[in-house]
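Have a look at the model first, then read on.

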Amino acid sequence: MNWLERMSGAIDFIEQNLESSLKLEDVAKVACCSKYHFHRMFFACFKVTCAEYIRRRKLTLAAADLMHTESNIAEIALQYGYESPNAFTRAFRHYHGINPSCVRSDNVKLSAFKRLSYSIEKHTGDSMNYRMIDVPEFKIVGKSKRFEFDDFVKEGPKFWKTYVNTEKYKVLTELKQGRPSLVTQSSMLSAYFPTQHGQRDEFLDVLGIELDTDTHLNEFEKFTVPAGKYAEFTCTYKTSMKTNRYIYGEWFASTGFERDEDKPDIVSYFPIPFRPMGEMQLRWWIPVIVNS
């Protein structure tokens, strides 16, 4: 089954089950991949998270039901999976800008989010160089933070901006003193570890350094990156998010590679002295399964 069939099937599944308690894990199963991989594919392709798409579609249909049926607010709230009319009212007001009780008034303006459609051609217009490499097991020490997918874009940069201004971060950077590491060749990196078996749709974001020796650093957390095959992409800090969207929105679909689900994505940072941060060189390592 190719990505057109997998993503189209997932969207069909969502649309057929908007009147139920949809979970990202269930949608990802339809697409035959993990929550982690599906979320990134979905967001890269459509610029909206799967959970947000489900929320917008439910509230779009709920508004239509309020206008064209005689069902009351409590009935519609229950129909679309809200625990109480109050919770439904808050969500409805946040999306549409009015209370559901006002929908049946004259001259009401409502928001509408249309059903998405997926096309391979739509997402394979650009190209980017990459190479396949074998990465040995290595360890990272640093700071971690669990993020839910929907909150990462909003909360992630703010959290890390605060952390890099702390004394603990200064201690962490001084451990390397700008020297390149053995495996990544970088002095600082980020790792995004999937958490496949949790109840929440989240991942572990790690900022740290590669640990070249088995030194005991109790003041920092330690993580292991398993050995594996990785696809390597290079870019600048300014274009890093565009590169990531290309990888998950186009590269996987056009090449047919599958993500190695148990391994993290790795971003290595290579600052250029006396140059703006946006020009800093970055390297993405994306774990893949290569069929022999």
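Predicted model: local features only at pLDDT ≥ 70, side-chain atom pairs only at ≥ 80, totals over all residues.

Skipping its neighbours within four places in sequence, F252 is in contact with W3, H37, M41, I247, F257, E258, R259, I286 and V288.

Now for the helices. How far apart are the axes of α1 and α3, and at what angle do the two helices pack? Helix α1 covers residues 3-16 and helix α3 residues 35-46; their axes are 12 Å apart and the angle is about 90°. Angles of 65 to 115 degrees count as roughly perpendicular, so α1 and α3 are roughly perpendicular to each other. On the α1 side, the contact is made by W3, M7, A10, I11 and I14, while α3 brings in H37, F38, M41, F42 and F46. Sort the residues of this contact by type and you get nine nonpolar, one polar and no charged.

R6 has its place in helix α1, whereas G178 lies in the loop between α8 (167-176) and β3 (188-194).

| Residue | Relative accessible area | State |
|---|---|---|
| R6 | 4% | buried |
| G178 | 57% | exposed |

Buried means under 20% relative accessible area, so R6, at 4%, counts as buried. Exposed means over 50%, so G178, at 57%, counts as exposed.

What does the side chain of R6 make a polar contact with? The partner is the side chain of E258, at 2.6 Å. Leaving out neighbours within four places in sequence, R6 is in contact with M1, V30, A31, C32, C33 and E258. As for G178, its C-alpha atom is 8.3 Å from that of M188, 10 residues apart along the chain.

Zooming out, the chain has nine helices and nine strands. Its C-alpha trace spans about 70 × 45 × 35 Å along the principal axes. Of its 292 residues, 46% count as buried. And if you take contacts between residues at least 6 apart in sequence, 72% join residues at least 24 apart.

How values were computed. Residues numbered from 1 in each chain as written. Heavy atoms only, no water. Axes fitted to C-alpha atoms, helices over the stretch in contact; angles between N-to-C directions. Helix = DSSP H or I, 4+ residues; strand = E, 2+ residues; numbered from the N terminus. Parallel < 35°, antiparallel > 145°, perpendicular 65-115°, else oblique. Contact = heavy atoms within 4.5 Å. Nonpolar A, V, L, I, M, F, W, Y, C, P; charged D, E, K, R; others polar. Buried < 20%, exposed > 50% of the residue type's maximum accessible area, 1.4 Å probe, protein only. Polar contact = N/O pair within 3.5 Å; in protein donor to acceptor, adjacent residues only side chain to side chain.
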